[in-house]
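Let's take a friendly walk through a protein model together.

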Amino acid sequence: MSALGTAETPLRVAIVGAGPSGFYAADHLLKQTDVIAQVDLFDKLPTPFGLVRNGVAPDHQKIKSVTKLFDRVARKEGFRFFGNVELGVDVTVDDLRDHYHAIMYTTGAQTDRRMGIPGEDLAGSYPATEFVAWYNGHPDYRDYEFDLTQERAAIIGVGNVAVDVARILCRTREELMETDIADYALEALSNSNIKEVYLMGRRGPAQAAFTTPEVKELGEMQGCDVFVLPEEAELDDLSKKSLAESSDRATNRKVEIIQSYVDNQPTGKDKSLTLRFLVSPTELFGDDDGKVVGMRIVRNELYATDAGTLRPRSTEHFEEMPMGLVFRSIGYRGVPLPGVPFRESWGVIWNREGRVLDPEADEVLPGEYTAGWIKRGPSGVIGTNKPDAVESVNYMLDDMRAGVLLSPTTPDAGAIEALISQRKPDYFSYADWIKLDELELANGEAQGRPRVKFTSVDEMKAALGR
Ligand code: NAP
């Protein structure tokens with residue numbers, strides 16, 4: 001047999017998860033000049049692009065333009081997409097081992113972290129991850145219901161996801177019309193009764209996880225006034241000292257913007273958004289029907305750990321707030337993949353710099369790799385996943401040269417296609433996606449919107465004439 005990675009014996013790689021990390025990994029493999037690779041990219045959804053389609057806020061269209069790069073990768077020779085094919089259901093890890101020299105898991109982080117407080121699971125308290133997937137038209141979440149008859153909503157956490165949720169709750173219909181938000185979400189949000197929204201940070205303004213442009217954008221919404229309480233905008237001594245020592249310009253600017261909201265007066269806009277700092281919910285209260293009606297929050301103070309990080313600790317000061325809707329936005333979490341070692345405490349695949357590990361033996365599993373949020377946890381922006389995926393692919397290429405990849409029994413490209421056609425005859429190819437994309441864009445154009453998404457698998461099949 002000729003060497004692996006040549007025209008005669010191309011390096012055949014299965015990538016599971018068609019989000020940014022999957023595409024960055026495919027790109028790096030297909031751009032090698034001295035290695036001929038073939039990439040099959042699998043996704044359980046019929047559509048590619050993962051969180052760029054189903055996570056990035058619909059009013060952030062510019063961020064979504066990264067799909068142009070992914071589209072160029074998908075049109076390269078050696079690339080195939082198998083959508084609507086789920087690992088563990090339609091194909092197993094053993095199937096992949098039989099057909100590929102290497103497997104790369106890039107499934108992201110699909111669930112939410114838990115707060116661990118009483119009342120967290122009352123009706124009306126939702127993980128932000130579900131709301132985000134719903135308003136973005138993710139087929140698995142389109143039938144979820146969120147009680148938008150309520151007037152007051154709290155979002156726990158002050159990361160960029162929390163800010164996305166706040167904007168989507170506070171935007172006017174006209175603003176939402178300019179986005180590719182799911183049709184049903186546009187209607188539900190346009191008719192919502194939401195008047196007051198609270199973003200709740202457990203630490204102070206200097207430690208807020210959201211980024212500067214995101215907090216600035218909150219002050220630019222058409223139908224929503226933004227407020228911050230003066231006593232919560234003021235930095236405590238530890239934060240002042242740490243900021244002065246670090247001369248971190250981005251954080252200084254972020255604090256300046258937050259503090260500028262203190263002077264805001266109501267301008268008669270329909271909605272208000274209040275950013276709260278140094279508070280943590282300790283309990284959600286329900287009514288007799290088990291529906292959330294209020295929350296108790298505790299005031300926090302900061303202390304410095306031995307490592308110098310400023311952490312929150314609760315004081316004796318409590319406050320109760322009536323609240324009809326709660327979104328928990330305290331971080332995403334990875335979910336295990338059947339047959340892949342999972343590090344439960346971290347919510348990631350067991351790995352060493354992207355090489356999947358067998359934790360019992362503390363040894364690398366030959367030919368298996370991971371990249372993105374399921375490798376390192378849910379941090380960073382989309383572009384952060386590029387170097388991360390490159391690192392994992394480079395290890396794969398090193399291992400190929402060292403001759404320690406998998407030894408598939410049936411590595412030819414036709415065999416896996418035949419298997420999938422048999423197991424999942426209604427899988428979606430990249431050519432199918434191109435057609436769906438064109439239709440979504442055309443439907444959007446007809447309504448003066450960037451795109452109108454198909455939000456169910458049946459709709460997608462019907463659109464393709466199946
Ligand atoms: P994140 O940035 O990690 O923020 C999580 C937030 O939850 C933090 O404010 C954190 O506070 C808070 N938190 C954690 N545990 C908590 C608890 N028990 N009680 C109260 N608060 C708690 O996560 P994310 O917002 O889900 O975003 C994930 C990643 O995607 C981030 O890297 C983010 O920047 C990125 N993203 C980017 C954009 C964009 O570029 N526009 C949009 C969306 C997401 P502490 O800091 O005190 O832990």
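What you see is a predicted model. Let's begin at its second largest pocket, which has a lining of 18 residues. If you want to find the middle of this pocket, look for Phe 49, Lys 64, Thr 67, Asp 437 and Arg 451, the lining residues that lie nearest its centre. The space inside comes to about 400 Å³.

Sorted by class, the lining of the second largest pocket holds nine charged, six nonpolar and three polar residues.

Now turn to the ligand, which is surrounded by 22 residues. The closest of them are Val 158, Arg 202, Arg 203, Glu 214 and Gly 380. Domain 1 (11-110 + 334-428) and domain 2 (114-328) each contribute at least three residues to this shell. Helix H7 (residues 160-170) gives the most, namely three residues. By class, the shell around the ligand counts ten nonpolar, seven polar and five charged residues.

Zoom in on the ligand's oxygen atoms next. A backbone N or O atom of Gly 380 sits 2.7 Å from an oxygen atom of the ligand. For Val 158, a backbone N or O atom is 3.1 Å from a ligand oxygen atom. Asn 160 uses its side chain instead: one of its polar side-chain atoms lies 3.1 Å from an oxygen atom of the ligand. How much of the ligand does the protein bury? On its own, the ligand exposes 920 Å², and the protein buries 80% of that.

How values were computed. Residues are numbered from 1 along each chain as its sequence is written. This is a predicted model: local features need pLDDT of at least 70, side-chain atom pairs count only at pLDDT 80 or more; totals for chains, interfaces and linings use all residues. Side-chain values use heavy atoms; hydrogens and water are left out. On a 1 Å grid over the protein atoms alone, a cavity is a set of points where a 1.4 Å probe fits but cannot get out, and a pocket is an open set with protein on both sides within 12 Å along at least five of seven lines; lining residues have an atom within 4 Å of a point. Grid points are joined across faces, edges and corners, and a volume is the space filled by probe spheres set on the points. Ala, Val, Leu, Ile, Met, Phe, Trp, Tyr, Cys and Pro count as nonpolar, Asp, Glu, Lys and Arg as charged, and the others, Gly among them, as polar. A residue is near a molecule or strand if one of its heavy atoms lies within 4 Å of it. A polar contact is a pair of N or O atoms within 3.5 Å; within protein, one must be able to donate a hydrogen and the other to accept it, and residues adjacent in sequence count only if both atoms are side-chain atoms. Accessible areas come from the Shrake-Rupley method with a 1.4 Å probe; for residues, only the protein chains shown count as cover. Helices (H or I, at least four residues) and strands (E, at least two) are DSSP runs, numbered from the N terminus. Domain bounds come from an automatic or database domain assignment.
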